[in-house]
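Trainee: Can we go through this model together? I'd like to start with how its parts pack.

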Amino acid sequence: MKPQINVITLAANDPEKLIACHRDGLGLPTKGIVGAEFEGSAIHAAGAVGFFELSGSLMLALYPRRERASV
């Protein structure tokens, strides 16, 4: 099997601003924040994330930094 990167994940203090920058500044299509209805806990991250489809099967995922911090 050939190794392949399919998802690049970034954490941001203000994911809404970062999503707007990628959407409005770079012109990348997105549905914005999805999964915000899922609440997080001390051991499970919440669902809020923004996705961008890049070339081929590559995806960019933007999470709130507090959801990506190690516990």
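Trainee: What do the buried residues of H1 pack against?
Mentor: They pack against S1, strand S2 (33-34), strand S3 (49-53) and strand S4 (59-64). Helices (H or I, at least four residues) and strands (E, at least two) are DSSP runs, numbered from the N terminus. This is a predicted model: local features need pLDDT of at least 70, side-chain atom pairs count only at pLDDT 80 or more, and totals for chains, interfaces and linings use all residues. Residues are numbered from 1 along each chain as its sequence is written, and side-chain values use heavy atoms, with hydrogens and water left out.

Trainee: Which residues of H1 are buried?
Mentor: Pro 15, Ile 19 and His 22, in a helix of residues 15-25. They share one side of H1, because they cover an arc of only 65° around the axis. That arc is taken from the directions from the helix axis to the C-beta atoms. Buried means under 20% relative accessible area, exposed over 50%, and partly exposed in between (1.4 Å probe, protein chains only).

Trainee: Why would residues a few places apart point the same way?
Mentor: An α-helix has 3.6 residues a turn, so residues three or four places apart point the same way.

Trainee: And what does the face turned away carry?
Mentor: Exposed residues: Lys 17, Asp 24 and Gly 25.

Trainee: Back to His 22. What does it touch?
Mentor: Gly 27, Leu 28, Phe 52, Leu 60 and Leu 62, not counting residues up to four places away in sequence. Contact means heavy atoms within 4.5 Å. His 22 has a relative accessible area of 12%, so it counts as buried.

Trainee: New topic. Is Val 49 buried or exposed?
Mentor: Buried, with a relative accessible area of 4%. Val 49 lies in strand S3. Leaving aside neighbours within four places in sequence, its contacts include Ile 33, Ala 61 and Tyr 63.

Trainee: How far apart are Val 49 and Tyr 63 in space?
Mentor: 4.8 Å, C-alpha to C-alpha, though they are 14 residues apart in sequence.

Trainee: What about Ile 5, buried or exposed?
Mentor: Ile 5 counts as exposed because its relative accessibility is 64%. It is found in the segment before strand S1 (7-12).

Trainee: Last one. What pattern does the protein chain follow?
Mentor: Along the sequence, β-α-β-β-β-α. That is two helices and four strands. Buried residues make up 24% of the 71 residues.
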